[in-house]
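Please open the model in your viewer and keep the selection tool at hand. The tour goes from one selection to the next and says what can be found at each stop.

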Amino acid sequence: HFVVVESMAELELMRERFGRALGYYLVIGSQLMADRLPSLEESAVHAVNSFCRNGVIPTENQQTNVDNIRYTQVLSLIELHQLSHILLKRNFIFSNKKDDSAAESPIVALIMLVGLSRAGRFLMDHCSPPEGTVTPIDSDEKGYSFSGSNLPIDLVAKQMESRPKLLYWFLFQVFLHKADIYVKFPTTAVPPSSITDLHRKQFSLFVDYANDDEIKSNESDQTLAGFIDVKDTPFMAFLRAVTLVGGVRADDVREKLEVYRGGGLDNPVFARELAFVIETYGKGTVEDAREVLQLYLHGAKNLYMAVAFAERNTEHSRILWDMLIEHCTTPDPKSSDTNQNSALGALFGSLLEAAAHTGSDLASLVSRIPEGMSIEGLRPKLIAAITDYRYKVKIHEDVDNMLMDDKVSILRELSHLSRRGTRIEHKDSGTENTAKTSTRWASLSRHDLLKSQRAKASLNNKSRVFSLPIR
C-alpha cells in the first residue's frame with residue numbers, strides 16, 4: 001500500500017501538482033502512526049526531560065528509531081513551493097470545504113514522516129505569531145489567515161491537542177528557540193490571549209510529564225562545586241518568564257505544585273520551582289520564609305541555595321540563620337549512624353564555605369560552633385574565606401580607583417561647559433534683541449573670546465557686541 005501511495009505522490013510531482021503530492025506524502029506519514037506513534041511520543045517526552053536534566057538536546061543518532069531519512073525531501077518541497085498552508089488543513093488531500101476533524105493532523109503526519117529533530121527545525125524556522133497578529137495574505141474556508149511560508153504557533157498547537165506528548169515537545173521547542181514571539185514581547189506590553197492560553201497548557205504539561213526518577217537522580221551534591229554550579233531548570237526559566245506577563249497566575253502555580261508534591265517538604269520534585277514561586281510571589285511572612293528554606297534544605301538538598309536565600313532575605317535573616325545552624329548541628333533522630341558527629345562537622349564546614357562565598361558574617365558563625373564538634377580542615381577553610389574576602393575588597397578598591405579618573409574628566413568637562421559664554425547682539429535701529437548661542441566660541445578661552453568681541457565692536461560702530469558669562 002505504501003508503494004502505491006508513494007507512486008501517486010511521484011506522479012503528481014511529475015505533473016507539477018505539488019500540493020496533491022504533499023498530500024500523498026502526508027498520507028504515508030499518517031499510515032506510519034499505527035506502529036511508530038507510541039515510540040515517537042516517548043522520544044518527544046524524553047527529548048524534553050533529558051534537556052531539563054542535562055541541558056543537551058538528543059542528537060540525530062539518538063533518535064534514529066523514529067526518524068525516517070527516506071522522506072526528508074518533503075521538507076524541501078514545502079519550502080520551495082510555499083506549501084505550508086496545506087499543513088494547516090485537516091483534509092489535506094482534497095480541496096473541498098469539508099473540514100474533517102476526525103482526520104489525523106497533517107503536522108503530526110509530517111513529524112511521523114521525517115522525524116522529531118528535522119520536523120522540529122522546520123517548525124521553528126517557519127513558526128510565526130498567532131493568527132490575527134500578522135497581515136493576512138491568504139485565508140482558508142474557515143477564515144484563518146496565514147502566509148504561504150508561515151505557520152502560526154496557535155494553529156500548530158491546536159493540531160497537537162489530541163497528542164499531548166507531542167504538544168509538550170513542540171511548546172518546549174518554541175520556548176527555547178522562538179522566545180521573541182512566545183515569552184518576550186518587544187512591541188507590546190500585553191501578550192495575545194492565544195499565547196497566554198498556550199502558557200497555561202505548557203505549565204500543565206510540565207507538571208503532568210515530570211519524570212520523578214530523573215529528578216531524584218539529579219539531586220544537588222553537598223560540595224562547594226555543587227553549590228556554585230547551580231543553574232535554572234527550564235521549568236523554572238519558563239515560570240520566570242510567564243508569570244511576569246500574566247500567562248500563569250502565581251497562586252495557581254503554587255497550589256498545583258503543592259498538590260503534585262503531596263505536601264512533603266523532603267520531596268525533590270519541583271522543590272526549587274515551588275521555592276521560587278513562594279519567595280517571589282508570596283506574602284513575605286515568616287511562615288513563607290521558613291517553607292522556602294525547608295524546600296532548599298530538604299527538597300532540593302542544596303545548602304548553598306539555602307544560605308543565599310537567608311542572606312538576601314533581610315527581613316527574616318536572623319530566624320533563617322538560626323534554622324540553618326540548627327540544621328547543621330542537630331543530629332537526625334531517625335538515623336542509626338553512630339558517627340553522626342563527624343557528619344555534622346562536615347555539614348557545618350560546608351555551611352562555613354557557603355557563607356564565605358555569599359559574603360555572610362563568618363565571625364558569628366564561628367562563635368556558634370558547638371563545643372566538641374570536629375570540623376576537618378577548619379583552619380584552611382577560614383584562611384581561604386578571609387583571603388577571598390580580602391581579594392574582593394582589593395578588586396573593589398582597584399575598580400573604584402580606575403573609575404575615579406573618569407569621574408574627574410567628566411566633572412572638568414561639565415565645569416567647562418557651564419562657564420562658556422552666550423553671544424548677544426543688540427541692534428540700535430530696532431527693539432528686537434536676539435540671543436544666539438555660538439558653539440564656535442565654546443572651545444575658546446575667555447581671553448581669546450573677549451579679544452575677538454572687541455575687534456568686531458571696533459569695526460561696526462552701529463552695533464555693540466559683548467559677551468556675558470553664564471554662572
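Begin by selecting Arg249, which is partly exposed because its relative accessible area is 49%, where buried means under 20% relative accessible area, exposed means over 50% and partly exposed lies in between, computed with a 1.4 Å probe on protein chains only. Arg249 forms a salt bridge with Asp252, and the closest N and O atoms of the pair are 3.2 Å apart; a salt bridge here is a side-chain nitrogen of Lys or Arg within 4 Å of a carboxyl oxygen of Asp or Glu. Asp252 is partly exposed too, with a relative accessible area of 36%. Side chains of opposite charge can pair when their charged atoms come close.

Before going on, note that this is a predicted model, in which local features need pLDDT of at least 70 and side-chain atom pairs count only at pLDDT 80 or more, while totals for chains, interfaces and linings use all residues. Residues are numbered from 1 along each chain as its sequence is written, and side-chain values use heavy atoms, with hydrogens and water left out.

Next, select Arg254 and Asp288, whose side chains meet in a salt bridge at 3.3 Å from N to O. This pair links distant parts of the chain, since Arg254 belongs to helix H14 and Asp288 to helix H16, 34 residues apart; helices (H or I, at least four residues) and strands (E, at least two) are DSSP runs numbered from the N terminus. Arg254 is partly exposed at 22% relative accessible area, whereas Asp288 is buried at 10%.

Stay with H16 and select residues 286–299. How far apart are the end C-alpha atoms of this helix? They are 19 Å apart, which agrees with the 20 Å that its 14 residues should span at 1.5 Å a residue, the expected span being 1.5 Å times one less than the number of residues. Among the buried residues of H16 are Asp288, Val292, Leu295, Tyr296 and Gly299. The cover over the buried residues of H16 includes H14, H15, helix H17 (303–312) and helix H18 (317–329). Just after H16, select Lys301, which takes a positive phi of about 55°.

Two further residues can be inspected for their phi values. Most residues other than glycine have a negative phi, and most peptide bonds are trans. Phe270, although not a glycine, has a positive phi of about 60°, and this residue is found in the loop between helix H14 (250–261) and helix H15 (271–281). Phe270 counts as buried, at 6% relative accessibility. Gln82 has a positive phi near 50° and is placed in the loop between helix H4 (73–81) and helix H5 (106–114). Is Gln82 buried or partly exposed? Gln82 counts as partly exposed, at 46% relative accessibility.

From there, move to Val74 in helix H4, which counts as buried at 0% relative accessibility. Not counting residues up to four places away in sequence, Val74 touches Leu22, Tyr25, Leu110 and Leu113, where contact means heavy atoms within 4.5 Å. The C-alpha atoms of Val74 and Leu22 are separated by 7.2 Å, although these residues are 52 residues apart along the chain.

Now select Asp322 and Arg368, whose side chains meet in a salt bridge at 2.9 Å from N to O. Asp322 lies in helix H18 and Arg368 in the loop between helix H20 (362–367) and helix H21 (378–419), so the pair ties together parts that are 46 residues apart in sequence. Asp322 is partly exposed at 32% relative accessible area, and Arg368 is partly exposed at 40%.

The structure holds 15 salt bridges.

Finally, clear the selection and view the whole protein. How many helices and strands does its secondary structure contain? The secondary structure comes to 22 helices and seven strands. Of the 471 residues, 41% count as buried, and among contacts between residues at least 6 apart in sequence, 67% join residues at least 24 apart.
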